[in-house]
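These are my notebook entries on a structure that I looked through one piece at a time.

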Amino acid sequence: MNRRQQLKLTEGIDWPIMGLYLALVFVGLLSIFAAEYREGDNIWNDIIHLNKNYSRQIMWLGVSAILATIIWLTDSKFFTATANLLYAGGILLLLLVIAIGKDVKGSHSWLVIGGFQFQPAELTKLCTNLALAKYLSSLETDFTKLRARLIAAALALIPCAIIILQDETGLALVYFSFFLVMYREGLPAVLLVIAFSGIVLVLSALLVDKNILFYIFTGITALVIYFMRRDIRRHRSKLALIVGIYAFCSVFVMFIVPFAFTKVLKDYQVKRINVMLGKENDPKATYNTRQSMIAIGSGGVIGKGYLKGTQTRYDFVPEQSTDFIFCTVGEDFGFLGSLIFIGLYVALLLRIIFVAERQRSTFSRVYAYGVASIIFFHMAINISMTIGLAPVIGIPLPLVSYGGSSLMTFTMLIFIMLRLDADRQMVLR
Amino acid sequence: MSVYNQPRKRVIQFIFLGMVVLIMTRLFFLQIVEKKYSKLADANAVLRKVVYPSRGIIFDRKGRSILSNDIMYDLVVTPINVKNIDTAYMCQILNINKEEFRKRITASILKNGSRRVSVFAPLLSPEAFGKLQESMYMFQPGFELVPRQIRSYPFAAAANILGYIGEISPQMMQRPQYADYNQGDYLGMTGLERTYEEVLMGQRGIQYLVKDNLNRPQGPYEHGEFDTAAIAGKNLRLSLDVDLQVLGEHLMRNKIGSVVAIDPQTGGILSMVSAPTFDPNLLTGSFRARNFSRLFTDTTKPLFNRAIQAGYPPGSSMKPLTALIALDEGVITPSYGFPCFGAYTYCGRPIACTHHNPGHAANLRLAIANSCNAYFVHLYRLEVDAPKWGGVKKGHQKWHDYISSFGLGHRLGIDIPSESGGKAIDTAGMNKLYRGQWNSCSELYVGMGQGQVVATPLQMANAMCIIANHGSYYVPHFVSSIDNDNTHLLDKYKEKHVVAHVSDTSYRSVIYGMEDVVEKGTGMIARIDNIIVCGKTGTAENNAIVNGKLTKLKNHSVFVAFAPRDNPKIAIAVIVENAGFGATYAAPIASLMIEKYLNDTISLKRKPQMMKTLNDVTIDPVVREKSKLDSLNGASAKMTTEQILKLYFPNN
């Protein structure tokens, strides 16, 4: 291969993203190693026999590298052309899991192929992102119309619903991050405000007695009507709106939330939320978070040093290679290490937004925003749950947590974006 | 468009950064401001003590605990504190040499580090514990005695049902469902202990204790703010009747085989004996490993739960099912008769029947009572050759569908592991066996329960439930309730399964036939005063390949029954391997158990029969010779016949 061809092969790659990707994957491998390694382990032997998480992660890295290369060598038109097909395939795969899937840790979301477990719910994030980008970039789509917004929302929520049926609520929630993308593409800001108010409403419904809330709502409504009485006299419809909101909030707090809690959510989920809110002290639910907070908190300013953490190395923290991998970073490298580590994510996210904004095609821009939103959601929720800011919902830390499905999905997400970015001068629709 | 959306990009960047600032603030407080977390993690300052919860207790249907907890002691070591002790004396108590002592210390350091506590000698025998307790002052502070709960079985019965617990293996820990377990934890390995592990185990607790410079615990850290209380496992309540279970184990002594008794109205199992059995207490405590290997290698396979794992040809006990299929398909009516003169000759080689007199199969009721072979193989042919199916291949598949709906040929889903599904050949299997060339004559033996149909004792008892209930059953199970249950483990046992839609009249003719079996037919030995027992004897022919040749072995003795006829309360299947006629061995066992369950006592006039059953030895002398069973078998092997009889007839 001569020099010119080599230049051509890497031409157009966005090196900052590539570098951040490699850095995160490397830190991930170090952390998984730290969570498992004990003095005296024969590292080479473990790597060859694939009997440790880190050795399997190395294998998954190899597979991911191959996938990344294949994607990089693919024409970017391929992704726009097959987006809908991949989406349909992804949905079928999710339904297949319901039919023939395997139960792992209370969620029915795994396929077993030749001894390896695989979670299609991870992969469908990619399919959904492509399909959403395809739909929003289509010339027929007018995203200022309600119809188009409903279709876009349905694209994101259909896989979400199927994944909830698989009892994998954590991964299902990730699909809500697509609303951030839709916001970027013109979904009215008022919807974000409504979503935010919704969260506040749910939280208050859980924390405050519903009768007291009802009185508060009544009081607020009365005050609003009093202060807006002139407006209302002019526009009768405003009164209807205010009363409508009042009625909705009351019904929501009085009936819908209690119903969801007793009938829709699983017992353990209710428990976790209650523990999160401090309403209940369940040992099992608090154990994970508490151990994880002890591990991270004991890291101090500069940490105990690599492989020196006592909490993460004596199996105090459960699932430390997967959902609680951040504990290793927090304990071994302390506050400064965590700062740098989270800094890597921030740099990656901001760079992806930068890359997204320089795209000429709507498809690429929507896709890139999708990647940023998914990574952000995963990172924010995962780290928050390890430090007791969010309930324990099992979603991995992108590129860092142990797990083949997750690593491959994020690799593909990022490399398709890099491919699209490299071809941004081409006119894609 | 890009220009219009610029502020939105800013908003998204703002959301991203806002969240990160929130996380960093929290980390700042957690890692820098708050000091108690780092202290908690410091093994030298704070002692982290795991509090093991007590495992759930298992009660029988009358609330007697049949599996509970006992205390034994582990000797634990903190390697760094082992100084100036009399190693020789300790080795002498524990019966190990110095080499082993050093090896264990090194292993502890490698496993948990020298500052942490490791188990040095688990589950001390009472003698070792006694000696160590006296002289513990000599070995402190490096060594301590730590109490640990072990399982105990007060009735020494139902070993294969209850199961045992064992230490989690490294292979199991790799599996995600055991993610919460640590090395050294115990969990259910077989039986109910395994199926209900998640409710029995409870929740481990953790205590944080402040230590002084000599490593002695001084009290709770931060007033117990970080402690988690241990939560005891939940108790199980079984449908099992432990009296009946013990009686069954007595009656099955010196025999190989199985007894399964089910309450047909709920599907709750009243008794499940797999003989030979063993004392479950052998698998707890200090000699567990030695006892286990002896049980494991024993020639009579006591760890093999024959009631759910062994497949037997059901023999004549299958005949009522054949009749029900024929009735449901409409190929016969209860008055259908077959002219049998001692053999069935329509398919080449004659199939012998034990009766010759004409009219012994003049109608269904008589045919069942006299167990006419010709009648039932003919019914099978009528079923599969029925014109409405259009061909024997479809007809046989239809037969197979019926047989599966009666619970044969597939696992029923009982709540203990390793259930076997038995066998019931379907059309595909027949095609394979006969390379596509076959007709209704090829395997007509299935009509009388021989040949290509094999059932577990559980399946036979369940089939009795179906007849007793006139066509419905609940999946047989042990656990009737879990205290403070919030799982869905028991949901599937509350669902009623309805099979063949045979009319009540048809059921009645089958049931009257089975009543006649006991009143005046082949199973008269099973009669009980004032109770109408409906039963069916079976003498299952039994061929096995011995040294490469198909050899005919001694018949299995089979008896299935339910009682009373109206509003049945117990359905039972008894199999005694290689014993002979169903009436001789299996029927008295079933009958004694039915009487005990329904009347709560056994009438004095049956004492001779019980004595005979207890004294019967059907186990192969060669097998018995090789077996180490006598030393292992529980309650009943150590007792003489007289001692057992005294339990049931205390005043005579």
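In which sense do strand β2 (residues 107-113) of chain A and β3(A) pair, and over how many bridges? I found that β2(A) and β3(A) pair in the antiparallel sense, over 3 bridges. I noted that two strands pair if DSSP finds at least two bridges between them, and that helices (H or I, at least four residues) and strands (E, at least two) are DSSP runs, numbered from the N terminus.

Before going on, I wrote down that this is a predicted model, in which local features need pLDDT of at least 70 and side-chain atom pairs count only at pLDDT 80 or more, while totals for chains, interfaces and linings use all residues. Residues are numbered from 1 along each chain as its sequence is written, and chains are lettered from A and ligands numbered from 1 in the order in which they are written.

**Entry: the sheet of chain A.** I looked up the whole sheet and found 3 strands in the order β1-β2-β3 (chain A), forming an open sheet with antiparallel pairing. Its edge strands are β1 (102-104) and β3 (116-118) of chain A, each of which pairs on one side only. From one strand to the next, the twist averages 55°. For one bridge I noted the residues: Ile113(A) has Phe116(A) in β3(A) as its partner.

**Entry: a hairpin in chain B.** I saw that strand β11 (residues 257-263) of chain B pairs with β12(B) in the antiparallel sense over 7 bridges, and that Gly257(B) stands opposite Ala275(B) in β12(B). The hairpin has 4 residues between the strands, and in this hairpin Gly267(B) takes a positive phi near 80°. Is strand β12 (residues 268-275) of chain B mostly covered or mostly open? I found β12(B) mostly covered, with 8 of its 8 residues buried (a residue is buried if 20 or more other C-beta atoms lie within 10 Å of its own, exposed if 12 or fewer, and partly exposed in between, with C-beta atoms placed from the backbone).

**Entry: two helices of chain A.** I found helix α6 (residues 120-137) of chain A packed with α17(A) at an angle of about 145°, their axes 8 Å apart (axes are lines fitted to C-alpha atoms, for helices over the stretch in contact, and angles run from 0 to 180 degrees between N-to-C directions). Among the residues that make the contact are Leu130(A) and Ala133(A) of α6(A), and Phe363(A) and Val366(A) of α17(A). By class, this contact of α6(A) with α17(A) has 9 nonpolar, 4 polar and 2 charged residues (Ala, Val, Leu, Ile, Met, Phe, Trp, Tyr, Cys and Pro count as nonpolar, Asp, Glu, Lys and Arg as charged, and the others, Gly among them, as polar).

**Entry: where the chains touch.** I noted that 42 residues of chain A are in contact with 36 residues of chain B (two residues are in contact if their C-beta atoms, placed from the backbone, lie within 7 Å). The elements that give two or more residues to chain A's side are α9 (178-184), α15 (283-297), α16 (326-357) and α17 (362-386) of chain A. That side divides into 23 nonpolar, 11 polar and 8 charged residues.

Entry: I recorded 18 helices and 3 strands in chain A, and 26 helices and 22 strands in chain B. Of the 429 residues of chain A, 42% count as buried, and in chain B buried residues make up 43% of 652.
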